[in-house]
Amino acid sequence: FNEKVQCHRMLILFKIYNLKAAEVHGNLTQQERMNSIEEFQRGDVDYLLATDLVARGLDIPNVKTVINFSFPNEPKRYLHRIGRTARAGMHGISVTLCNDQERTEIKKLNRKLGHPITPYTLQSKTVQRMFEQVVSMDAMVKDLLIEEAGDKELQQGLMEARRAENLIKYREEIQNRPKNVWLKNEKQK
């Protein structure tokens, strides 16, 4: 899955666990993204799930924790991500989830940054149990995604019906409007 789909699936998992969260990614309209950010800033939601690309432009005060679900191997990108917790002299926690292959990258990043990164390792049994729990909810997540797609189609249909209704209702007014002229003719050029 791409980051946008993962972000949305994560939002559904948060909702299943009754955690208040909002999402910010490129599949949303600008208004939807702004609404999510405002909900987070007001404290209406406790978690803001964002893709790396969208999160770059955010400047949100009082972020206490950043959790990276994908490992940024460039020091600048890593610092930018974890820096969300350190605005205006504030302090916070940054957690980066990684697999065994990425652990060597963390060591390299640690040397490049020049400040300590404290690694924690989860037992493979714990990781496996968590993975199985998420996979077991996959059917529920898929059902919710199908339901959301149906709701979106319904909203689109209602919008088109309103448009058709307005075209019929205001037909005469629409037809009497002067035509827009976008291109100049050869003589005017």
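Does Tyr-17 count as buried, partly exposed or exposed, and at what relative accessibility? In this predicted model, local features need pLDDT of at least 70 and side-chain atom pairs count only at pLDDT 80 or more, whereas totals for chains, interfaces and linings use all residues. Residues are numbered from 1 along each chain as its sequence is written, and side-chain values use heavy atoms, with hydrogens and water left out.

Tyr-17 is found in the loop between helix 1 and strand 1, where helices (H or I, at least four residues) and strands (E, at least two) are DSSP runs numbered from the N terminus. With a relative accessibility of 42%, Tyr-17 counts as partly exposed, given that buried means under 20% relative accessible area, exposed over 50% and partly exposed in between (1.4 Å probe, protein chains only). Residues up to four places away in sequence aside, Tyr-17 touches Gln-133 and Met-137, contact meaning heavy atoms within 4.5 Å.

The axes of helix 1 (residues 3-16) and helix 7 (residues 138-169) come within 10 Å and cross at roughly 110°; axes are lines fitted to C-alpha atoms, for helices over the stretch in contact, and angles run from 0 to 180 degrees between N-to-C directions. The two helices, helix 1 and helix 7, are therefore roughly perpendicular to each other, a term that covers angles of 65 to 115 degrees. Helix 1 contributes His-8, Arg-9, Ile-12, Leu-13 and Ile-16 to the contact, and helix 7 contributes Asp-138, Met-140, Val-141, Leu-144, Leu-145 and Glu-148.

The second largest pocket holds about 600 Å³ of space, a volume being the space filled by probe spheres set on grid points that are joined across faces, edges and corners. A pocket is an open set of points on a 1 Å grid over the protein atoms alone, where a 1.4 Å probe fits, with protein on both sides within 12 Å along at least five of seven lines, and lining residues have an atom within 4 Å of a point. Of the 20 residues that line the second largest pocket, His-8, Glu-23, Leu-28, Glu-148 and Lys-152 lie nearest its centre. Helix 1 gives the most to this lining, with six residues.

Thr-96 lies in strand 4 (residues 93-96) and, at 19% relative accessibility, counts as buried. Apart from residues up to four places away in sequence, Thr-96 touches Asn-68, Phe-71, Pro-72 and Tyr-78. Glu-173, placed in helix 8 (residues 171-175), is partly exposed, with a relative accessible area of 48%.

Conventions
Angles under 35 degrees count as roughly parallel, over 145 as roughly antiparallel, 65 to 115 as roughly perpendicular and the rest as oblique.
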